[in-house]
Each structure stands twice: as C-alpha cells, then as structure tokens.
Amino acid sequence: MSPSLLDVLSLLALVTIGIATPGPNNMTCFIHSGVHGWRRSVSLIFGMVLGFIALNTFVLLVVIQFSGIDSVSTLIHWVGVVFIIMLGIAISRVSAFFEITESPPHLGIRAGFLMQWINGKEWGFVSLYMTQFLSEFGGNFQGGLLMIAIVTIYCLLGISAWTAFGNRLEGAFKSKKFVDTLFPIAGSILILIAFSAALSGP
C-alpha cells in the first residue's frame, strides 16, 4: 500500500511545525553556525541525521512489534502528545533574551547523534507521527522506512536552512520584542497540534 499525496502532505505539515518551532536541533545549529560558521557545522548536522534515523527506526520497530497490542500503541501515542504539550507550555513561557555570553564549543558527529536520544521534542514528534501515519504508509517496516526517508530529507532541508541563516538571524533572537512575540505563538501552535492529535486518537 502506497501513501497518497494527501497522506504525505499531512505528514510533512506536522513535521513542519517541528522544524519551524524552537527546539534543541534547530537552536543548536542556529547558534553553532552563528559562532563557528556553516562549514564547521556540517559534521554536527551529519551526526544529527544519523541519530535521527536511528531514533526513528527504533520507534518504528517498537510500534510494529507491539502493533497488535493496543495498549502499547496507545501509550506511545500519548507519550508523544504529552511531550509536545509540555514543550509547548515551556516554549510559550520563554521571555528572556537569547543571549550568548560564552562561545559554545565546536560540536561534531558524536554530539549531534547523542542529542537525538535526549531530545524530548523529537521523541514526542516521532512517537506522534509513527502512530498517526504508519497505517497510511502500509503499516509495515517498508512503509515505515519510506516515511523515515521522507521526513529525514525534509528535516535535513529545514535544519540546513536554520544553519545557513544562523549569522543573519542571530540578531533577531537577541531582541526581547521578537522573542516575546515568537515564542508564545510557537508554543501555542505546538499545544494545538497536540490537542488535535489527542482528539483524533492513536
């Protein structure tokens, strides 16, 4: 079973929220590029991609392995919903300057890879779209890998954009007015996405 164009676009719409809203990956690349430059951020991004694929594959295997046990699939779904609600609340309450007082160290492949496994936002989104869209992609391992490939390429484009424009956008994030406007909007969007997923069910 192949996904329809609408299924793919719906998946990408959800992922777009993750790319566009502040989180560990895009903020790290944004600041790292602003300090160390785009070229020295390539290894960090490569590590993120490897970790992202590994995390997605792990969640996919768990979802497929326990696909016949409704309670497990439901648990994975609600873990994703709760993570995103918590993240949305936290982001919406940010009001401090994004001020870099010390130059962050140069990060490479290992840091990028490990970041994915402690990234609550990523766990939330991956759990959410794996339980929401896997059936539309066939409900099997092959369909899941196709979904991972699509999301990985899309996220790579998004994270590359954050990195490429790190130097230009850094000044905006040092503006209290900009941060006070952006973060409540971003947090509210995340909360709405989580409630929408909650209403649609696992």
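This report walks through the fold, the inner spaces and one surface patch of a predicted model.

## The overall build

Let's start with the big picture. The protein has nine helices and zero strands. Read from the N terminus, its elements go α-α-α-α-α-α-α-α-α. As for what's tucked away, 42% of the 202 residues count as buried.

## Empty space inside

How do you find gaps in a protein? Rolling a probe the size of a water molecule over the atoms shows where empty space is left. Here, the structure holds two cavities of 30 Å³ or more, and the largest cavity has a volume of about 380 Å³. It is lined by 25 residues, and those closest to its centre are Ile19, Asn25, Phe52, Glu122 and Cys155.

Which elements give two or more residues to that lining? They are helix H1 (5-20), helix H2 (24-36), H3, helix H6 (120-133) and helix H7 (141-164). H7 supplies the largest share, with seven residues. Sorted by class, the lining of the largest cavity contains 15 nonpolar, eight polar and two charged residues.

## A nonpolar patch on the outside

Now for the surface. Phe46, Leu50 and Ile109 make up a nonpolar patch there, and together they have about 260 Å² of accessible area.

Take a look at Leu50, which sits in helix H3 (residues 42-65). Is Leu50 buried, partly exposed or exposed? Leu50 counts as partly exposed because its relative accessibility is 35%, and the partly exposed class lies between under 20% for buried and over 50% for exposed.

Note on methods: Residues are numbered from 1 along each chain as its sequence is written. This is a predicted model: local features need pLDDT of at least 70, side-chain atom pairs count only at pLDDT 80 or more; totals for chains, interfaces and linings use all residues. Side-chain values use heavy atoms; hydrogens and water are left out. Patches are made of residues with over 30% relative accessible area and no salt bridge: like charges are joined within 9 Å, nonpolar side chains (Val, Leu, Ile, Met, Phe, Trp, Tyr) within 5 Å. Accessible areas come from the Shrake-Rupley method with a 1.4 Å probe; for residues, only the protein chains shown count as cover. A salt bridge is a side-chain nitrogen of Lys or Arg within 4 Å of a carboxyl oxygen of Asp or Glu. Helices (H or I, at least four residues) and strands (E, at least two) are DSSP runs, numbered from the N terminus. Buried means under 20% relative accessible area, exposed over 50%, partly exposed in between (1.4 Å probe, protein chains only). On a 1 Å grid over the protein atoms alone, a cavity is a set of points where a 1.4 Å probe fits but cannot get out, and a pocket is an open set with protein on both sides within 12 Å along at least five of seven lines; lining residues have an atom within 4 Å of a point. Grid points are joined across faces, edges and corners, and a volume is the space filled by probe spheres set on the points. Ala, Val, Leu, Ile, Met, Phe, Trp, Tyr, Cys and Pro count as nonpolar, Asp, Glu, Lys and Arg as charged, and the others, Gly among them, as polar.
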